[in-house]
Amino acid sequence: MCTVSFLPSPQGFYLAMNRDEKRDRFAALPPEIVEFENHRVLFPREPTGGTWISANDAGICLALINWHRIKRESNNGVRSRGEVIRKLAGISTSNEISTAVKKLPLRKLRAFRLIAIVPREKRVIEWRWNLQRLAIRNHEWRRQHWFSSGFDEPRAEVERAKVCASFVAGGGDPGSARVRTGVNAAGYSLKWLRRLHRSHEPERGPFSICMHRPTAATVSYTEVAVGGRSVVMCYKDGPPCSRRSTTTKTCKLSRVRTTNR
């Protein structure tokens, strides 16, 4: 169960992710910079090494969410979906990502949705694996949200989309004429995005974006800011509504030039 939000910014973009898990799941490790063959990559990780979100020094961000609408299970020796981003995190272009996704051991993976933000190409791409077919969707370079829920995914999508729409309509933090630092063209800032991800509307429970229920909850909040000359990842080990400290890691953006598109 997760909520992922993408928000363009004047110099790049922000990506925020609430990770929802069972309360008895083992704790994850905060982000570190890992040296891949061609890139430096930032990501938090599970003790087994898998991850659900990454950002590299080309500015490319990846986020993976479960696709609970697909009830069918893989029968070919299930492998962890946490391997997916680890295999793709060091890639430079959308074409390379697309090629690498097709080479994954998909038949051994449960259903998932993979989101890629490629700033140098201004592309927001989503791959969907439903255990039978890999589909691709291209999204516009504008505010986007994705939701998943093992509790009731269709209803979670509806309820959380309403909350996102209400934040847009109500302004939450639309960026006033007095303070517009970091505000995008539509008037929404990183502060607005943080308020959205710690929201308990319409009520604190299984459908709120900051999710709480007896056996599961939002267990971490990860935020990525790409722009200027750096990529910054902030990680809170706990729900975004909590007062737990945040771990911040910064990586300088490389000067890699892309040739596709």
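Hi everyone. Some ground rules to begin with. Residues are numbered from 1 along each chain as its sequence is written, and side-chain values use heavy atoms, with hydrogens and water left out. As the model is predicted, local features need pLDDT of at least 70 and side-chain atom pairs count only at pLDDT 80 or more, while totals for chains, interfaces and linings use all residues.

Let's start with the sheet. Helices (H or I, at least four residues) and strands (E, at least two) are DSSP runs, numbered from the N terminus. Two strands pair if DSSP finds at least two bridges between them. Here, seven strands make an open sheet in the order S3-S4-S5-S6-S7-S8-S9, with antiparallel pairing. Strand S3 (29-35) and strand S9 (134-139) are at the edges with a single partner strand each, so one side of each has no neighbour in the sheet. From one strand to the next, the twist averages 15 degrees.

Now find strand S7, residues 112-118. Buried means under 20% relative accessible area, exposed over 50%, and partly exposed in between, with a 1.4 Å probe and protein chains only. In a regular strand, side chains alternate between the two faces of the sheet. In S7, Phe 112, Leu 114, Ala 116 and Val 118 point one way, Arg 113, Ile 115 and Ile 117 point the other way, and all are buried.

Who are the neighbours of S7? Strand S6 (residues 61-66) runs antiparallel to S7 and is joined to it by six bridges, with Cys 61 opposite Ile 117. Cys 61 also stands opposite Ala 55, in the pairing of strand S5 (residues 53-56) with S6, which is antiparallel and has three bridges. Strand S8 (residues 123-129) pairs with S7 over seven bridges, again in the antiparallel sense, and Trp 129 is the bridge partner of Phe 112.

S7 and S8 form a hairpin with four residues between them. Lys 122 lies in that loop, and its phi is near 50 degrees, a positive value in a residue other than glycine. Leu 131, in the loop between S8 and S9, has a positive phi of about 80 degrees and is not a glycine either. Leu 131 is buried, with a relative accessible area of 10%.

Lying across S6, S7, S8 and S9 is helix H2 (residues 94-102), which runs at about 5 degrees to S8. For that angle, axes are lines fitted to C-alpha atoms, for helices over the stretch in contact, and angles run from 0 to 180 degrees between N-to-C directions. Contact means heavy atoms within 4.5 Å.

Next, please find Val 226, in strand S12 (residues 216-227). Its relative accessibility is 6%, so Val 226 counts as buried. Val 226 and Phe 13 are 213 residues apart in sequence, yet 5.5 Å apart in space, C-alpha to C-alpha. Leaving aside neighbours within four places in sequence, the contacts of Val 226 include Phe 13, Cys 61, Pro 119 and Leu 253.

Pro 202 is in the loop between helix H4 (190-197) and strand S11 (212-213).

Last, the pockets. On a 1 Å grid over the protein atoms alone, a pocket is an open set of points with protein on both sides within 12 Å along at least five of seven lines, while a cavity is a set where a 1.4 Å probe fits but cannot get out; lining residues have an atom within 4 Å of a point. Grid points are joined across faces, edges and corners, and a volume is the space filled by probe spheres set on the points.

How much space lies in the largest pocket? About 770 Å³. Of its 30 lining residues, Glu 21, Arg 25, Asn 66, His 68 and Arg 81 are the closest to its centre. Strand S2 (12-22) and S6 each give two or more residues to this lining, and S2 gives the most, with four.

The second largest pocket holds about 270 Å³. S12 supplies the largest share of its lining, four residues.
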